[in-house]
Amino acid sequence: MDTLTGVFISEVVGTAVLILLGCGVVANIALAKTKGNAGGFLLVNIGWGMAVFAGVIVAYQSGAHLNPAVTIGIVTSGATEFVPGVPVSPLAILTYITAQMIGAIIGATLAWVIYRQHFNAETDPASKLAVFSTGPAIRSYGTNLVTEIIATFILVFVVLGFGRNGDASGLAALGALPVALLVIGIGASLGGPTGYAINPARDLGPRIVHALVPIRGKGTSDWSYAWIPVVGPVIGGALAGWASTVLLPVIG
């Protein structure tokens, strides 16, 4: 199999698993008549952490980026390869990000299929949208953007820090369990203001699914906010990559 083809399939499958389990835990907590209804935000944090764990395990071949912000951070860190045999290039970058978006759409669609009856039983449009995409607790675009930048910076900077001691290819550089714990920690500490997208594909792909699938009384997809969880993580990931070249040689 062509190396980039393998990367593409790995990122599609890994991101689909990530989003299926991540959107799934939110659905289990937010939607009416589920067994996990009202389970609380900490359960969301843990569920997303375990979703990342599963995604990293199955996408190890590609380095398990699963997130355009991670891919961009690796580029700005000055890396010459994503994984052995896959040099950093415009085609490789496009392959990673396209696969992540497709995987996110697949994962969100599967979550909708599983919880379809619960979506129909839920009367609150905001709860339905929350399954697919993030939204601010207090809407303030500037503050919300800064929150996403900082939270994503922490994710990517720590990933690159671990990579200094081994393979710097992506989330797989940490191993599945450490990156899962990192995501749980970011959610528990920094997730309150915006719901911590920290991943453009994680938010945009499922938001597209929300706009397209037939859900009774679903309301709008809040496109006026949709740029925040895309632009913020991209900036945060890029800054983390650049900062890693300056700070990690000094503090590592």
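Buried residues have under 20% relative accessible area and exposed ones over 50%, with partly exposed in between (1.4 Å probe, protein chains only).

## Basis

This is a predicted model, in which local features need pLDDT of at least 70 and side-chain atom pairs count only at pLDDT 80 or more, while totals for chains, interfaces and linings use all residues. Residues are numbered from 1 along each chain as its sequence is written, and side-chain values use heavy atoms, without hydrogens and water.

## Fold

The protein chain has ten helices and two strands, taken as DSSP runs (helices H or I, at least four residues; strands E, at least two) numbered from the N terminus. Their order is α-α-α-β-β-α-α-α-α-α-α-α.

Of the 252 residues, 52% are buried. The C-alpha trace spans about 50 × 40 × 30 Å along its principal axes.

## Aromatic pairs

Rings of Phe, Tyr and Trp (its six-membered ring) pair if their centres lie within 6.5 Å; planes under 30 degrees apart are stacked, over 60 edge-to-face, and the rest tilted. Phe41 and Tyr196 are edge-to-face, because their planes stand at 85°, with ring centres 6.3 Å apart. Phe41 belongs to helix α2 (residues 41-58) and Tyr196 to the loop between α8 (176-190) and α9 (200-212), 155 residues apart. Tyr196 is buried at 5% relative accessible area, whereas Phe41 is partly exposed at 39%.

Tyr141 and Trp227 form a tilted pair, 6.2 Å centre to centre and 40° between the planes. Tyr141 is in helix α7 (residues 141-163) and Trp227 in the loop between α9 and α10 (228-251), so the pair ties together parts 86 residues apart in sequence. Ring pairs link Tyr141, Tyr225 and Trp227 into a cluster.
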